[in-house]
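Please have the sequence and the coordinates open as you read.

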Amino acid sequence: KTLIFNQMQSLNWPTVPLALLFILFAKFGLVENMRLSIAKSNLQLTFKDCYSIYNNTQLAKYIPGYIWHFLGRIAILRSRGANIKTIRDSMVAEYIWIVCSALLVGIICIASNDGNSIILTNIKQHLKSIPGILQILLLVGIVAISAGLLFFFVNNLKLLCLWTWTLRPGFRAISVMILVWICLGSSLWLTVGGISQFNTLWVYCIGVYSLSYAVGFIVPISPAGIGIREGILIFYLSPTIGIDNAIFVAGLNRLLYIIAELLLVASCVILRYLPTSSK
């Protein structure tokens with residue numbers, strides 16, 4: 001409690017609503033990403049439709065099981081007349097665009113800011129704290145998973161390549177996703193910068209947040225990537241701002257993200273009950 005109180009006292013609070021605003025902008029971009037992926041599968045929905053579907057199903061990702069927001073999306077799209085193939089292709093395209101763009105932006109931005117030295121330093125420190133037998137088991141697990149994936153891809157390589165090529169993003173989708181990561185990274189940078197004694201690079205924060213989002217997205221054991229995303233943020237921020245500040249910033253950014261989602265769901269409810277004008 002003392003640590004949190006001290007961190008809150010040192011925080012430059014005017015940066016917090018601005019960080020929240022950047023998260024809201026990013027969420028609009030993710031809605032547009034959904035609309036573009038659906039349009040690529042020849043199912044035409046308006047931005048307003050996608051705004052309602054996306055935001056109303058997002059809260060279900062916090063329910064343990066990791067699949068409920070997917071099932072909610074599928075049920076709604078089925079009620080709009082979409083077939084299973086269209087839903088599958090649009091959702092796979094949407095999530096591939098999210099993960100691949102986040103990984104690419106994250107790696108480029110971190111590497112361009114001498115992030116490699118931070119990565120290697122942290123990895124060496126963490127490996128030293130892991131017993132030798134666990135290191136061996138970890139290595140065996142990675143090799144086994146890699147071999148299984150390689151076997152799967154080799155046997156289905158041609159079909160996978162052809163199918164994946166049909167899901168490629170257009171210029172608009174690429175631009176939207178880049179803007180999403182810039183907005184989310186800027187929200188992190190603002191909260192880090194709110195601790196006035198530190199000056200972390202903006203591009204580095206974009207890379208760290210993008211990478212944490214991608215890892216949290218693809219790890220299925222945690223609802224909405226809770227704990228996973230924060231762990232990545234702490235891992236990369238602690239060498240520059242200290243472990244206590246990194247924990248505080250990671251927790252604050254998760255809180256702001258949840259508040260943004262609640263605000264967007266509330267706006268969907270308000271829009272649903274607003275009277276429509278008649279001609």
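**Exercise 1.** In this predicted model, identify which residues of H5 meet which residues of H9, and then describe how the two helices are oriented.

*Solution.* Begin with the contact itself: Trp97, Ile98, Ser101, Ala102 and Val105 on the H5 side meet Ala173, Met177 and Trp181 on the H9 side. Sorted by class, the residues of this contact comprise seven nonpolar, one polar and no charged. Turning to the geometry, the axes of H5, which spans residues 84-111, and H9, which spans residues 171-193, come within 10 Å and cross at roughly 60°. Angles from 65 to 115 degrees would count as roughly perpendicular and those under 35 as roughly parallel, and H5 and H9 are therefore oblique to each other. The crossing of these two helices is right-handed.

**Exercise 2.** Work out how H9 packs against H12, and which residues make up the contact between H9 and H12.

*Solution.* The axes of H9 and H12 are 10 Å apart, and the helices pack at an angle of about 130°. That angle makes H9 oblique to H12, and their crossing is right-handed. From H9, the residues Leu184, Ser187, Leu188, Thr191 and Val192 take part, and they meet Val249, Leu252, Asn253, Leu256 and Tyr257 of H12. In terms of class, seven of the contact residues are nonpolar, three are polar and none is charged.

**Exercise 3.** Determine how H10 and H11 are oriented relative to each other, and what classes of residue form the contact of H10 with H11.

*Solution.* The axes of H10 (residues 202-218) and H11 (residues 228-241) come within 8 Å and cross at roughly 150°. This makes H10 roughly antiparallel to H11, the cut-off for that description being over 145 degrees. H10 passes H11 in a right-handed crossing. On the H10 side the contact is formed by Tyr204, Val208, Tyr209, Leu211, Ser212, Tyr213, Val215 and Gly216, which meet Ile228, Arg229, Ile232, Leu233, Tyr236 and Leu237 in H11. By class, these are eleven nonpolar, two polar and one charged residues.

**Exercise 4.** State whether Arg254 is buried or exposed, and name the residue whose side chain it joins in a polar contact.

*Solution.* Arg254 is placed in H12, the helix of residues 243-273. With a relative accessible area of 8%, Arg254 is buried, since buried means under 20%. The side chains of Arg254 and Glu230 are joined by a polar contact of 2.6 Å. Apart from neighbours within four places in sequence, Arg254 is in contact with Tyr62, Ala224, Gly225, Ile226, Arg229 and Glu230.

Notes:
Residues numbered from 1 in each chain as written. Predicted model: local features only at pLDDT ≥ 70, side-chain atom pairs only at ≥ 80, totals over all residues. Heavy atoms only, no water. Axes fitted to C-alpha atoms, helices over the stretch in contact; angles between N-to-C directions. Helix = DSSP H or I, 4+ residues; strand = E, 2+ residues; numbered from the N terminus. Left-handed = near helix turned anticlockwise from the far one by under 90°. Contact = heavy atoms within 4.5 Å. Nonpolar A, V, L, I, M, F, W, Y, C, P; charged D, E, K, R; others polar. Buried < 20%, exposed > 50% of the residue type's maximum accessible area, 1.4 Å probe, protein only. Polar contact = N/O pair within 3.5 Å; in protein donor to acceptor, adjacent residues only side chain to side chain.
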